[in-house]
Each structure stands twice: as C-alpha cells, then as structure tokens.
Amino acid sequence: MSNKKKRYAMLVDLRKCIGCNACAVACKSENDVPLGVWRSWVKKVEKGHYPDSKEFFLPIVCNNCAKPICVTVCPVNASIKRPDGIVYIDPHRCIGCRYCMASCPYGVRYINPRKKIAEKCYWCHHRVDAGLKPACVLVCPTGAIMFGDLNDPRSDIAKAIAKNAVQVIKPDMGTGPQTFYIGLEQGTVEAKKMKEE
Amino acid sequence: MKSGIAWFAGTAVGLGSMQRPTPVKKAGVSRTSLKSLQVISTTCEQCPAGCGINAYLNGERLVQLLGNPDHPNNMGGICAKGIAGLNLVNDPERLLYPLKRTGPRGDGQWTKITWDEVYTTLAGRIKEMIRDGRISELVVDKGHDDPLLDKFISALGVTHTIDRPALKNLNRTTALTSMTGFPSVVEDVGRSRFILNFGANPYANHDQFVGIARRLIHARVEKGARLITFDVRMSETAAKSDAWYPIKAGTDGMVALAMAKVIVDKGLANKDFMDRKTNYSLAMIKNHLSRYTPEKAAKESGVRAVDIGHLAVEFATQRPSVALIGGGVSDHKNGTQNVRSVALLNWLVGNLEKEGGLFYPRFLVSLQPKTADLKSRLNSINNIKGIVELKETNTRINTYFAYLSNPAYTDPDCGSTVGLLKDEKSVPFLVVMDTHLTETAMMADMVLPAATYLEGWGVSSAPSLDNVPILNLRQPVVSLLSAAKVLRSPTFEVGKLLEPMFQPRGEAEEVGNVCLELARRIKGRIAKNLPYKNTHDYITWVISSIPGLKMEGGLKNLKSQGLWTDKASKAAGSRYSSEKGLPALRQKVEIYSNALKQNGHPPLPEYEPLTASKKKKDEFILTTFKSNLWAKGTANSKWAREILHENRLWINKDIARTLGIKNGDRVRVTSSVGSLISRVLTTHLIHPESVAMAEGLGHSAVGNVAKGKRFRGNDQDTNLIWWDKKGNGTNPNEIIERRVDPMGGGFGLKDTRVRIEKI
C-alpha cells in the first residue's frame with residue numbers, strides 16, 4: 001500500500017443484480033438500521049408492454065458525492081467529507097434539522113427514529129478502515145457490487161470502470177456521484193416502483 | 001444421589017470444552033467498539049442449499065451472519081434469508097418452553113410443563129403402541145431432515161411418515177429417478193454456453209440458490225452465455241435472461257418434446273450417447289416424437305413455432321448447453337411427464353457427466369442416499385402426502401408428531417387439514433415441535449420448543465457445484481444451556497464464570513436429543529439402535545467413519561473451518577474414477593422407464609394436456625411462487641417482512657382493463673375449495689391466462705411480526721412496524737386444490753382454476 005491519497009468508489013453491475021435484497025438486509029444487520037428507514041434498498045421497476053415487457057432492479061445506496069450538497073448546507077458541520085471521499089455524519093454534532101435531507105437529490109438520508117439524528121450509508125467506513133469490504137459488497141450472492149480505490153489502477157473497481165461504460169444517477173445535479181452503475185438504462189431512475197401507480 | 005449425577009451431566013453439556021465450537025479470529029469488526037469479532041463458521045439451513053456462513057460473536061452475543069468466503073459453493077455470497085437468520089435466533093416471540101394445552105383445542109390456552117413430563121408422556125404412548133403392535137398409529141410429520149429423527153423413526157418401524165422435504169419436489173425427483181436412478185442432478189451452468197430454463201427461478205429460490213445464481217451470472221456476464229426462460233410470469237430469472245417466453249401454464253412438456261423433434265429431425269442429436277448410454281435408440285425416439293410438431297406445440301403453449309424451431313437448433317449446436325427444470329414445470333398434474341420431456345432434451349445432446357451439462361451430485365460416500373430407498377419412492381403409493389390422504393384410507397391415528405412442519409398453513413386446501421387436525425376424534429394426540437407457535441402448534445395438545453439451526457450440531461453433504469464432495473458442519477453458535485439447567489446446577493455461580501457463551505435460550509432442544517432421550521426411556525431394542533449420548537456424540541461418530549477427514553485434523557479442524565472438502569475422493573472432478581463411487585453410473589439412462597411401466601404409467605416421455613385450462617373470461621390458472629425472502633425461518637423475521645409483507649395478486653394489465661379492474665383494487669378469488677380476498681397488482685409481466693401470488697404470507701399465528709402487528713417487546717424495532725395498516729397478505733394455500741400427479745405422486749400446486757370478481 002502506498003501513501004497516495006485514496007479515492008473510494010462503489011460500482012454496481014446491474015447486469016449481475018438479481019434483486020435478491022441481500023444487500024438491503026445485510027445493511028440493516030451491519031448498521032443496526034431500525035424498521036421503516038433504509039440506507040440501502042433495491043428498487044424494482046417494470047417497463048414495456050406484454051409480451052415485450054421487462055423488469056429491472058436498481059440497488060440504491062448513498063452516492064458519497066464528490067461535491068456533496070449535504071455537506072455544504074449542514075449548519076453545524078455534522079456532515080463531513082473525508083479526504084478519501086466518504087461522506088459521513090458525526091452523530092455527536094447532528095441536531096436533526098433535516099436540512100441535508102431536503103437538499104439531497106437522491107433521498108438517501110433519513111432521521112433515525114430512535115436517535116433523532118440524520119443517518120445514511122457511508123460505505124461501512126468502520127469496516128473499510130479495518131481493511132474489510134462494506135457489508136453489502138461482501139454478501140452480494142452474484143458479486144454485483146464492487147468497492148475500492150479508484151486511485152489504485154490495479155484495484156478491481158478501477159479495472160472494471162476502465163473496461164465498461166458506467167453511469168451515475170442524476171448526473172445533471174452536478175454532485176459528482178461516486179456510486180457508479182454498469183447497465184443503468186434510461187428511465188429506470190425516474191420510473192415509479194412496481195406497486196405504485 | 002441420582003440428582004447429583006444429573007447435575008453433573010447437565011453442566012457437562014455446557015462446560016465441556018470438548019463439545020463446544022472453537023471460535024476463531026477472522027476478519028470482522030464491531031461497528032460500535034471497532035474491536036475485531038470472534039467467528040464461528042457453520043452452515044445455513046434456511047433453505048436446502050447448505051451455504052457456509054460465518055457467525056460473528058461480540059463477546060458472547062451473536063451479532064451477525066455473513067457468508068463464508070471459504071465455502072466452495074457460495075464463495076462468501078449469502079442471500080437475504082441467511083442474513084435474516086439472526087432474527088430467528090433473537091426473536092422475542094420464540095417458543096422457549098414446553099407447553100401443554102389447558103383449554104379446548106385451538107383456544108391458545110397453555111401451561112408450562114417440564115421436559116421430564118414431555119418425555120414421560122411421549123415414551124409412555126410409544127411404549128403402549130409398540131406393546132399392542134399399533135405403531136402404525138404413530139404419524140411423524142417431518143418438515144425438516146434430521147438424521148437422528150430418521151434413525152428413531154426406522155428403529156420404531158413407523159410406517160406413516162410424511163416427509164415434507166421429499167414431497168416438495170416429488171414430481172421432479174420421481175421423473176429424474178426413473179431416468180437416471182438418482183433424484184437430483186447438478187446443473188453445471190457455470191460452464192454452459194446456452195441455457196434453456198423451463199420454469200426454474202435460480203435467481204430467487206432454488207435448491208442451490210446462491211451457488212447456482214453466482215455461476216449462472218458469471219457465465220452470462222463474463223463468458224457471454226445465453227439464458228432463455230420459459231415461465232408464466234416474469235420471475236427474477238426471466239428478468240435477467242436474454243429472452244423471456246411467456247408460456248401457458250403446464251405446457252412446458254409439449255414445447256420440450258417439439259424441440260426434441262426438431263433436434264432429432266435435423267440430425268443434431270448426439271447419436272453416440274443416445275445409442276450407447278440410453279435404453280432407447282435415436283431411431284426409436286424419432287418415431288415416438290413424430291406426433292409432437294412445433295405447430296401443435298405452438299397452438300397448445302402459445303410459444304411460436306418459429307421460436308421453438310430456432311431455440312431447438314441453438315440448443316443443439318451451441319454446446320455445451322443445458323436445460324434447467326424448475327417448479328413451474330413439475331408442480332402440475334402432468335408434472336412428472338413434463339420433467340421427463342425436458343430431461344429428454346438433455347439426453348439428446350448427451351448431457352450426463354459432461355462439463356457445462358449435468359452431473360450426478362457428489363456426496364461423501366458415507367452420506368449418500370441408499371439406492372433401495374430411491375427405488376421405493378418411484379411407486380407413488382409409498383409417499384404419504386398428508387393427513388387428508390391418511391384419513392381417506394381410514395388410517396387410525398393415536399399420536400401425530402410434527403417437527404418443523406406446519407401443515408395447517410402449508411398444505412394445499414389447508415382448510416381441510418385444519419378441520420382434521422382440530423378434530424380430537426381423528427387425531428387424539430397432537431404434538432408439535434417448532435421454533436414458534438405456528439398455526440398447527442396452536443391446535444396441538446403439547447408443544448415442544450425446537451432449537452434453531454444455529455443452536456445445534458449436525459453434519460450434511462450438500463451437493464457440490466464444483467464436483468468436489470463437501471462436508472458441512474453445523475455447530476451451536478448460540479449456547480443451548482438453558483436457564484433452568486444452570487439454576488439446577490450446584491456449580492451455578494462458578495459455571496457462569498467458566499461459560500463464556502452463557503446465554504439463556506429458554507429450554508429449546510434439538511430434535512436429535514429429544515429422540516435420543518425418548519429412545520433411552522423406551523429402552524430395549526430402540527435404545528440399542530440409538531446408542532449416542534447426544535447430537536455431538538452422534539456427529540463425532542459420523543465423522544470418525546470418514547478416513548480422509550481424520551488425516552486432515554478431524555473434528556478439531558472441522559470445527560474451526562465449518563466445512564471440509566474431500567479433494568482426494570474418487571468422485572471428485574468431472575469424472576468418476578470408478579463406478580463403485582456411484583451405483584447409478586452402471587445403468588443406462590432409462591428414457592423408456594420399466595419402473596413406471598410396472599406401476600401402470602406410460603413409460604416414454606409424453607404430453608398430457610391439463611384439464612384445468614381456461615374456460616371463461618374471468619377464469620384464470622393460479623400460480624404460486626416463492627419470493628427470494630421466502631423460507632420457513634423468515635416467517636416472523638422483521639427484516640424479511642419489512643420488504644415483503646404484501647402478496648398482491650398479479651394479473652395481466654390488458655386483461656384487467658377488460659374486466660374493469662385497476663391496480664390496487666380488492667378482488668375475491670374463488671376456486672372449487674374456497675375463496676380469499678386480495679389486492680391486485682396489474683402488470684405486463686404475466687401471461688394473460690394466469691394469475692400469480694407469492695407464498696409465505698398471510699399467517700394467522702407464528703408471531704406478531706408475521707401477523708403484521710405492531711407491539712412493544714424486548715426488541716425495540718417491533719414497535720416500529722409500519723405496515724400494520726396494510727395487513728400481512730393472504731395465504732394462497734387456502735384456495736389451492738389438492739390435485740395429485742398420479743405418476744410422480746407430487747401435488748399439482750399450480751393447476752387451480754380461479755374466478756376473479758371485483759368487490
């Protein structure tokens with residue numbers, strides 16, 4: 001390992017996602033997320049007309065943006081972007097004002113009903129700092145989720161991003177999301193969930 | 001002093017370091033204290049796949065279950081059900097003490113009793129039955145495989161065993177046994193180039209779920225294999241296939257036979273394999289297939305004849321190719337023949353013991369199923385399907401013992417099962433052993449708390465996907481040392497200090513230990529047949545008979561690894577080095593099955609149209625499916641139920657519009673056995689003649705999470721149940737007809753014709 005600055009990123013290969021919810025449940029287990037709120041979930045979307053219809057799965061986590069709006073707006077500096085790119089919330093500083101939730105274009109933040117402070121996915125930085133993979137990456141049955149250092153050209157994620165076309169959610173927001181997707185089709189993000197209409 | 005010895009024995013179970021798993025330090029970190037965690041590697045039993053899991057312990061508390069990266073099948077991957085196993089162990093609503101009914105049946109009035117009373121009552125009843133030669137009046141309803149329970153059953157000579165794990169896939173296992181001599185095959189999808197999937201859903205629910213999904217995805221994405229799915233609805237697998245062909249329910253066999261005809265007619269079949277390795281030559285099969293033209297199949301199934309033609313050619317030319325067989329094919333009244341027809345496609349391309357095709361499963365030789373048992377299953381009369389069938393044949397029942405089985409909920413037409421179980425005349429004594437107070441347990445006279453799969457010892461040999469036999473060890477991650485046992489012990493205070501895993505779990509007990517104690521109390525021949533002290537003693541005995549394992553560290557090594565692979569085995573690799581390893585290899589593939597002919601069934605793969613086809617505009621065929629969160633052990637899991645708490649009835653959007661039904665409307669679904677009310681999900685993802693519903697919801701017992709009720713308990717989360725207003729879904733088994741495929745003996749669960757009306 002070199003002392004070079006790290007730049008963490010996540011890559012979700014949608015060609016490999018089978019919509020099994022293992023990432024969502026692993027996240028609940030790893031981070032003790034209460035019922036009713038989510039740091040990670042799988043959105044299921046239906047497109048097309050029978051018999052040319054198709055179902056799509058879209059796992060969603062925090063994008064840990066390169067230019068995070070939530071960090072800019074936080075009045076007490078509780079949302080912090082680390083030099084390696086992970087955006088996290090200092091639970092001791094957060095006052096639960098929900099400003100960050102209102103500003104987030106991705107809706108990945110929630111108020112913890114027990115602690116009354118804002119929380120979100122921070123790529124399991126307690127695991128990453130200990131040299132482990134985030135929980136959702138570890139459990140994914142098909143290996144669809146990758147995590148690693150983009151500044152290290154030998155890392156799996158850097159190689160995969162170099163080899164494939166990648167997309168991000170809502171690039172027009174100018175936030176520079178660091179959660180990348182392979183095979184994200186147009187309209188999947190905007191579409192309503194299968195049950196709603 | 002007798003009790004002194006009992007004390008000693010009681011503490012020995014908890015304190016003996018010999019009988020405890022050995023936690024090792026592995027990669028894992030506590031989120032709160034940032035300390036690394038202790039790990040015990042064990043085996044998941046939420047489904048039959050037998051994935052290796054790592055149980056993370058913070059001090060003595062079980063905090064997390066994640067995949068074991070060293071397991072060759074799942075390679076660290078684990079599904080949502082496996083992770084949610086934590087909810088099963090830590091469930092505040094678990095059954096923890098033996099109970100006896102005090103009020104009338106089904107009233108839910110209980111009194112706590114001791115295990116001693118349980119053993120006295122049960123041993124007394126069994127002894128009486130043995131003495132009077134009425135052991136046939138004991139019915140054992142086995143919802144989960146346990147080797148000691150099996151040994152106990154065979155020692156007693158129980159004739160009426162309801163074997164739920166075997167019944168689940170009976171049509172498929174019968175069909176495969178009739179052809180290959182073995183009930184299951186391993187589909188080597190990781191090395192295939194072209195995969196035809198008939199009604200299987202390996203991306204959501206499969207006997208080798210994580211392992212096979214991982215290999216299938218790898219083949220598709222990394223190696224460019226093609227996957228084609230036939231299914232009535234867009235399953236998770238169909239969603240991630242290269243093409244989805246919606247097909248009329250129960251007609252897969254016809255499509256497969258038409259494809260077989262195309263392959264044979266175009267001269268693309270593997271003549272060498274057909275003539276040498278099967279008992280029906282290519283010329284003869286050509287003659288047999290002449291009536292199954294693609295045009296006829298198109299008319300029957302709705303899949304175009306052109307598609308059948310080009311898929312058949314691709315299947316035969318894009319080698320290696322494999323045809324997968326799933327519940328969508330086998331769970332019909334013509335299911336056995338459907339499976340045999342799809343299997344024929346595999347034989348036509350020579351798919352047996354071939355890379356990218358099918359393999360016989362590699363088990364450790366000592367844990368291999370016996371050939372005689374497999375043969376006897378072929379006669380469908382030997383498979384008892386439930387209490388309804390027992391009563392139809394006027395079987396007298398004295399005691400009905402159900403272990404991890406919940407027929408009052410899972411049986412098709414469960415209303416009639418409930419009626420029989422509730423009737424004290426038809427079932428005088430009902431004993432249920434389960435982890436929760438299930439629908440069946442609510443009607444029981446005595447309820448026994450079962451230990452979960454994370455609280456006991458076991459060894460099993462899961463079918464290996466890489467053809468190297470695997471021995472899985474299941475070890476207690478959470479101590480079974482009960483509060484009562486500890487309190488009885490004179491060394492209680494000392495014991496607490498010495499026992500780092502002390503964690504009162506009530507008095508839940510492993511079924512193996514219950515059987516052993518009953519055998520000891522019945523005495524005589526039964527006790528002699530079960531000479532083990534406890535389940536740990538039993539697995540030690542099993543392991544001692546495996547020579548290769550002894551060389552590699554024996555039980556001690558197994559405990560720290562959680563599994564062992566038999567790399568030196570004769571069965572390992574893509575070829576058996578001797579036929580002794582597997583007797584089935586000596587015989588030819590029986591396309592013409594003599595065993596089926598003897599039992600009065602057609603010996604060749606044929607197509608029989610179903611009688612339950614659509615007649616009127618508002619009539620549909622009801623298909624049930626298992627979601628990726630479905631498992632018996634997740635019924636009361638908060639994480640699983642939060643994601644899936646509603647099972648709306650899938651209906652084709654165009655058809656719904658003509659019936660005036662909108663998304664979210666409430667409809668009454670009526671079949672010949674009953675009706676239920678459900679909300680509707682209009683979608684373009686289902687065949688217009690079918691409606692579909694997920695299984696595993698709509699519980700009326702088990703627990704408040706399963707019932708979708710918010711409550712205050714030891715777990716703070718249960719007060720946050722937010723879907724209580726939406727209800728907890730409906731149980732489709734209430735309206736499913738009890739149809740049986742006479743050939744295989746399995747249920748035709750996906751054949752029920754239902755009428756739908758808006759309310």
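Good morning. Chain A has 6 helices and 9 strands, where helices (H or I, at least four residues) and strands (E, at least two) are DSSP runs numbered from the N terminus. The radius of gyration of chain A, taken over C-alpha atoms, is 17 Å, close to the 16 Å that the globule rule (2.2 Å times the number of residues to the power 0.38) gives for 197 residues, so chain A is as compact as a globular protein of that length.

A word on conventions. This is a predicted model, in which local features need pLDDT of at least 70, side-chain atom pairs count only at pLDDT 80 or more, and totals for chains, interfaces and linings use all residues. Residues are numbered from 1 along each chain as its sequence is written, while chains are lettered from A and ligands numbered from 1 in the order in which they are written.

To continue with chain A, its C-alpha atoms fill a box of roughly 55 × 40 × 35 Å along the principal axes. Buried residues account for 45% of the 197 residues; a residue is buried if 20 or more other C-beta atoms lie within 10 Å of its own, exposed if 12 or fewer, and partly exposed in between, with C-beta atoms placed from the backbone. Two residues are in contact if their C-beta atoms, so placed, lie within 7 Å. Among contacts in chain A between residues at least 6 apart in sequence, 58% join residues at least 24 apart.

A:I169 sits in the loop between α6 (156-163) and β9 (179-182) of chain A. Is A:I169 buried or partly exposed? It is partly exposed, because 19 other C-beta atoms lie within 10 Å. Beyond its neighbours within four places in sequence, A:I169 is in contact with A:N63, A:Y106, A:P177 and A:V189.

I turn to the interface. The predictor gives the complex an ipTM of 0.93 and a pTM of 0.90. In the model, 39 residues of chain A are in contact with 45 residues of chain B. On the chain A side, α1 (22-31), β3 (54-60), α4 (125-129) and α5 (135-139) each supply at least two residues, and α1(A) gives the most, with 8 residues.

Next, chain B. Over residues 1-17 of chain B the pLDDT is below 50, as it is over residues 481-504 of chain B. Where pLDDT is low, the predicted coordinates should not be read in detail.

The assignment for chain B, whose bounds come from an automatic or database domain assignment, includes domain 2 (94-171 + 366-451 + 508-531 + 570-601) and domain 4 (619-758). The C-alpha centres of these two domains lie 28 Å apart, and 22 residues of domain 2 are in contact with 24 residues of domain 4. On the domain 2 side, α7 (170-180), α19 and α20 of chain B give two or more residues.

Finally, helix α20 (residues 414-422) of chain B. Its buried residues are B:C414, B:T417, B:V418, B:L420 and B:L421. Seen down the axis of α20(B), these residues fall within an arc of 165 degrees (that of the directions from the helix axis to the C-beta atoms), so they line one face of the helix. They pack against α18 (387-392), α19 (407-410) and β16 (429-434) of chain B.

Definitions and conventions:
pLDDT = per-residue confidence, 0-100.
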